[in-house]
Amino acid sequence: MQEFIYQSGWGAFTVLLLMQIPFILFFLFVVFRQGSKKPSPSPTIDTSITRLKNIWMVAVVTIFVVINVVSIKYFPSVVEAQAEASGLEIHPVNVTAESWSYDISQTEFKVGQTVRFTAKSTDTVHGFGLYHPTGKILFTMMLIPGIGDASLVHTFKDSGTYKIRCLEYCGASHHEMSDELVVTASSN
Amino acid sequence: MTIAISMVRRTPFFGKMFNVDTSTGLEEINAWPALMIMASFIWLAVSLLLGIALPATQILELDSSLFYTAMTAHGAAMAFPFIFQLMVGVGLHRIGGCVGKPVTGILVPGFFWFMNIGGILFTIAILMGLKISYAVMYPLPVVGIQTGQWSMTSLIIGFSGIALILVSVIVLYPVQIIKMLFFDKQREELLLSPRSLKDPGMLGMAMAAFVLLIMGAPLLTVASAVLLYLYNILPFAWIAWAADPTVFQFVFYIFAHNLMEAMAIMIISAVYATLPLYLADGTRKLYSDRIASLALWILLVTSVTSFFHHFFTMYPALPSALAYHGNIMSYGTAIGAALTIFTISATIWKHGIRAEPGLMAVLMGFVLYILDGASAIITSNISWSFQLHGTMWQAGHTMAVLVAVSMMWIGVLIHHYPVITGRVIDKASGNWFVTLYTIGAIGAGTAFLAAGAAGMPRRFASWNQEGWMVYGYLILIFGIILTLSFVVLFINLNKSKEVASAVPSGPSSMPAE
Ligand SMILES: [Cu+2]
């Protein structure tokens, strides 16, 4: 569940709808109820509105804190630190992006292999977006030339062909800037 | 001033919508704003067609260069010559009437000419082949020349246009606001609806002016340095620091992010000012001015440094501490928004509203703004950003915030329309505009976000893969509904009736704010 929420676009979309739908229902109710009535003030007294304000603000702050605290687990820096602490071998892979292709030091991997992608661009801003064989984005990196390498640790969980796409607009053939990684089932 | 009035009168179709009422003696607060608003609507019409062209080129499988041309022109025209100019036109008129000071002088026409000539120059450069998206993507403009994608001439023309627009947004408009709020002499006959800076409806206008001036200054410096090199005035060694992609990217987002926040502060301020005028029980006060002002202060303080959320995915080049900071500050802006939701809901609940089209446009624009805010804070979380950055989610957020802000400004415009033109719009048709616009905006916005969730990249001329085209069709359909809403509005404004001959219908026919 947590994995779905924080590690996929549709998880983010679900959280989005959970915020949007209650708001839109509530606000439209307030607007249309108070806009369609005869012009007269509602008898509501201020103390009950003040209490609602306090409940509302406490709820908002709580939701924000929970969302952000739980998300820390999925920060790339945390994932990297965990991989290092577990003593796993982290396989280094170097990526150089240039309009409109990638130079990748290794493109074939085994399931279960943990890899550190270290990427840079030599000309303009490019992206390195890694797509799972199902079409889901696993992560994207923004490569600004001259700022230093971007780097991310990832463990391949499934076999198949992973697509790489540039997700930062980089000119006429931006949409053709892509590559592939092949992950096969581990032999043991 | 007379130039502005005659330019409006001589413009076919659009001129008729904003023909200034010269019988009231208020030309000093009406003339230039009317011209700016009219010009913004012309840019809007062009960029709506370009927006429709984006999914259309993909569905019809046309050449990718058409997509990137339309993309660059659409984004640039919408953000600056349309929305920013509309906001300045309506905003200056509003402030003029609230503080009793004329909207004339050098800065006002200066803004108009810089913005529109800048927009035209940038458009010419795009037609010459410069396709850099409205985010410039520096150093792409330079790399594009090296790789033969466009010419040096197109770059010089394009950057000259951008520079004129930046000067108008970062210098001319904020200085004019500061001049009117703090310096110019008040004139009794121009004072329609007095407001002081203690009023949240005026406070936000001042805050936004300072934000634009201060947060824009670094970008203006860097852009000027690059431009002076392109003009062969400075040698490269002198501007090499400015040509560093890292420097440019940071100053760009410090500005671009705060530009959006400044626009949000201004429009929320205008909403706080407009809502009380439509309260059903005749009270002309918000539920609480103090909570309203607090929301603006929170928005101001937290938004300034939340721009780091644009850079999460360059990890570890962006230090983690700055990433956390950007993450937390972004959610801080949402605390401000939560207080605004409270103030507006409580005000409506307590006093009831008269549901005129102007107010309904403001309120539905506010709905769009909050819906978009939810998408914004989600991608401003570090973990989610790695799945969503660079996808259609981001494009949808940018589009939705601009669509929301422009609807609120159009609502404020409808409110002030009788003072500017001496005419009122048709109520039923006004409601049709609000309805179509809301449906189109929510539909298109949601389609973009779903596309992003599905992994569809933004600014990407190859939609026909991975089942993404379904989002392309949805964007086209809702884009057409959005466009239709403007057709309804344009017809309504063209057929508006004189205040005297129209049936009085509450605040929209009242001369003062
Ligand atoms: Cu690229």
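The model described here is predicted. In this model B:Asn116 has a relative accessible area of 8%. The residue therefore counts as buried, since the limit for that class is under 20%. The side chain of B:Asn116 has a polar partner on the backbone. It reaches the backbone oxygen of B:Phe112 at 2.8 Å. Contacts with other parts of the chain were then listed, leaving aside neighbours within four places in sequence. On that basis B:Asn116 touches B:Ala39, B:Trp43 and B:Gln85.

The oxygen belongs to B:Ala270, and the distance is 2.7 Å. With neighbours within four places in sequence left aside, B:Thr274 is in contact with B:Val412 and B:His415.

Which residues does B:Ser345 contact, leaving aside its neighbours within four places in sequence? They are A:Phe26, A:Phe27 and A:Val30, from chain A. A distance within chain B was also computed for this serine. B:Ser345 and B:Ser47 are 298 residues apart in sequence. In space, their C-alpha atoms are 34 Å apart.

The whole contact between the two chains was examined next. Chain A contributes 78 residues, and chain B contributes 87 residues. The area buried between chain A and chain B is about 7000 Å². Carbon and sulfur atoms give 70% of this area. How many salt bridges are counted between chain A and chain B? The count is one. B:Glu466 forms a salt bridge with A:Arg165. The closest N and O atoms of this pair are 2.9 Å apart. Polar contacts were counted as well. Across the interface of chain A and chain B there are 24 residue pairs in polar contact, both residues being at pLDDT 80 or more.

Several elements build the side of chain A that touches chain B. Helix 1 (2–7), helix 2 (9–36), helix 3 (46–71) and helix 4 (76–85) each supply at least two residues. Strand 6 (137–143) and strand 7 (150–155) of chain A also supply at least two residues each. The largest share comes from helix 2 of chain A, with 20 residues. By residue class, this side of chain A divides into 47 nonpolar, 23 polar and eight charged residues.

Strand 5 (residues 126–131) and strand 8 (residues 160–165) of chain A run antiparallel. Three bridges join them. Within this part of the chain, A:Leu130 stands opposite A:Ile164 in strand 8. Strand 8 is also joined to strand 9 of chain A, residues 178–184. This pair runs antiparallel and has six bridges. The bridge partner of A:Lys163 in strand 9 is A:Glu180. In a regular strand, side chains alternate between the two faces of the sheet.

How values were computed:
Residues are numbered from 1 along each chain as its sequence is written. Chains are lettered from A and ligands numbered from 1 in the order in which they are written. Side-chain values use heavy atoms; hydrogens and water are left out. Contact means heavy atoms within 4.5 Å. Buried area is the accessible area (1.4 Å probe) that two parts lose on being put together, summed over both. A salt bridge is a side-chain nitrogen of Lys or Arg within 4 Å of a carboxyl oxygen of Asp or Glu. A polar contact is a pair of N or O atoms within 3.5 Å; within protein, one must be able to donate a hydrogen and the other to accept it, and residues adjacent in sequence count only if both atoms are side-chain atoms. Helices (H or I, at least four residues) and strands (E, at least two) are DSSP runs, numbered from the N terminus. Ala, Val, Leu, Ile, Met, Phe, Trp, Tyr, Cys and Pro count as nonpolar, Asp, Glu, Lys and Arg as charged, and the others, Gly among them, as polar. Two strands pair if DSSP finds at least two bridges between them. Buried means under 20% relative accessible area, exposed over 50%, partly exposed in between (1.4 Å probe, protein chains only).
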